[in-house]
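Please keep the structure in view while reading.

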Amino acid sequence: MENTVIAAEVDPLKRAEDGGEVPSSAELKKKTCNGVLGFAKLTHWRTAVFFLSIFLCLAIVFAFSFIIPCPVRPQYLISWNRTFPEAASYDFLATEDTNRDKVNDILFVLRSSKGSQNNTCTGAGLPSPCVFFIAVDGTDGNALWECPLDPEFHWAQCGLEEDANRNWGCLVAHSDKLSAIDKYTGEVRWQQQQPPGLHGTAPVLSVPDLDRDKVKDLALVASDNTQTQLVFLSGKTGVLIGSKVVLNSTETANHLLHHSTTGSQYVLLQTETGLYGLALYKIAAKAKPGTEVNLKMDKQWEKNASPTSGLIPIYESDSLRRVLRVGPGEGTPNLLLITGKEVALLNGKTLQSLWKINSSSVLREPSFGHFNKDGILDVVVEEDKGDYEKRVVILDGKSGGVLWEVLFLATPNSPIPASIHTTNYFSIFVFWGKKDFNATSVPGISDRHIYMLHPLYSKVLLESPRSLDHILTFKATLLERGRHAAYILLTGPVTQEAQGTVVLSKRKLKQDVPNSDVRNVGDGAETNDVIKEAFNRLRFSD
């Protein structure tokens, strides 16, 4: 019966053929009109929604085009110079965005009787000459702020591990004090006496919050002729946390904070017998019991720890000179070691040797860049060859093999090599020296040149002569995210005691390309115009 009723409802004509009741014309008209009216109402709603969508789109376009202003990129000078007469400076230079315009500014230290903003040492109640910690605008070189401090200057460090709750960005050691300075305003957020008998050296280590005040704390490592000690300082106030801890019974030349794969933290100490690690949680427990509760232990590392000192041997060498992170980057960075006999790269996770090459004459600290496109940082090393010559060699970061090399005259007071990454996955390398082996006299400062290497044209160098005074420090960097490649130079008197003229200058990296000379270092067949055009087409990346 149910099937019969449903069939009759679906097909009324069939119902009539079977003798059922046929609907009248009035009923059919009523049903048809109701259907048409319902469809008409639905069509009106669709039309209204369509025009409303167009109106909203036009309103948004109008707002972004005429009402909401587009962000204005800061305009910068291609080059600028700032001169400070009757002053001296130091080997310190940092780049930070101090005025929040998305362009990095330059921080440096000046020793003078007065600053550039009519501030004087006597006006600040300090002996003259004093120390001025200064920030200048990266776009035009104008002074943003300056902070007068007690003399003498020892060291400064900016760019500590980011902490949203930390209201300062740079730490300055001067006289017998430590001053934490707000990089945005130049104000001293806190100032403390250095712990008695402990005059530390940079780098200061940023460690987890030990005193539970929601600000990351600091570890200060210092050595004398007998032992190496460490103290923890509050990142919020600079107050000493606990007591001093003796790390090693001998002097250490360098130290780093290293993270294992489990998140445990170890202080790496460079000693006269090699590189050793000491767990941070052990140091914190000795400084103040209870502060180590939030620190982790790596069981794999601790298997090799000495039962008496707790030191973990990482790399044994009687001539270890330098330890560097190869990075930075995500995860655990590798470690590059320079000894009196070799250059070695260790895996940061396993501490196993990745590669090792013989080199007994490394001049200075190596630098890093991308010569090939394998995504692994390559190593730039300068070797002393004697007779005022040096060999600049780029080592493959993956295998240690030689990717590129050339001989230069080792001109005096030449900065270490630098590099800037490009959007083409390789770096542009910058060297100092002179590519001229016919010189019959000892090379001087006037013989010093800047050379740029394009990895795709590795048979030539672009030479730009730069007759400069004594160079205190040099930095090649990007002043904006992904662009604005430039180099910063700070020149001045040879010693801090000698008053003279200090010059801080910025030049765009490609500014000297048109007036530079192309020097062959191999069998290059490209013309000068092709080489210069290749440099002009470069786009830089972080």
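In this predicted model, the side chain of Asp 512 makes a polar contact of 3.1 Å with the side chain of Tyr 487. A further polar contact, of 2.4 Å, connects the side chains of Asp 512 and Arg 507. Asp 512 is located in the loop between strand S32 (500-508) and strand S33 (517-520). Is this residue buried or exposed? Asp 512 counts as buried because its relative accessibility is 10%, and the cut-off for that class is under 20%. Apart from neighbours within four places in sequence, Asp 512 is in contact with Ser 464, Arg 466, Tyr 487 and Arg 507.

Side chains of opposite charge can pair when their charged atoms come close. Arg 507 and Asp 512 form a salt bridge, with the closest N and O atoms 2.4 Å apart, and both residues are buried.

Glu 405 lies in strand S25 and Arg 391 in strand S24, so the pair ties together parts that are 14 residues apart in sequence. Here Glu 405 counts as partly exposed, at 44% relative accessibility, while Arg 391 counts as buried, at 17%.

How do the two strands that carry this pair run relative to one another, parallel or antiparallel? Strand S24 (residues 389-395) and strand S25 (residues 402-409) pair in the antiparallel sense over seven bridges. Within this pairing, Val 393 stands opposite Glu 405. The two strands form a hairpin with six residues between them, and Gly 400 in the turn has a positive phi of about 85 degrees.

Another hairpin is formed by S26 and S27, with five residues between the strands. In its turn, Tyr 425 has a positive phi of about 70 degrees. Four bridges join strand S26 (residues 418-421) to strand S27 (residues 427-433), and the two run antiparallel. Ala 418 has Val 430 in S27 as its bridge partner. From S26, Ala 418 and Ile 420 point one way and Ser 419 and His 421 the other, yet all four are buried.

Leu 58 is part of helix H3 (residues 25-67) and is exposed, with a relative accessible area of 56%.

These details belong to a protein chain with six helices and 33 strands. Of its 542 residues, 47% count as buried. The chain exposes about 27,600 Å², of which carbon and sulfur atoms supply 52%. Among contacts with a separation of 6 or more, 49% are between residues 24 or more positions apart. The whole structure holds 18 salt bridges, and Asp 150, Asp 176 and Lys 177 are linked in a network of such bridges.

Note on methods. Residues are numbered from 1 along each chain as its sequence is written. This is a predicted model: local features need pLDDT of at least 70, side-chain atom pairs count only at pLDDT 80 or more; totals for chains, interfaces and linings use all residues. Side-chain values use heavy atoms; hydrogens and water are left out. Buried means under 20% relative accessible area, exposed over 50%, partly exposed in between (1.4 Å probe, protein chains only). Two strands pair if DSSP finds at least two bridges between them. Contact means heavy atoms within 4.5 Å. Accessible areas come from the Shrake-Rupley method with a 1.4 Å probe; for residues, only the protein chains shown count as cover. A polar contact is a pair of N or O atoms within 3.5 Å; within protein, one must be able to donate a hydrogen and the other to accept it, and residues adjacent in sequence count only if both atoms are side-chain atoms. A salt bridge is a side-chain nitrogen of Lys or Arg within 4 Å of a carboxyl oxygen of Asp or Glu.
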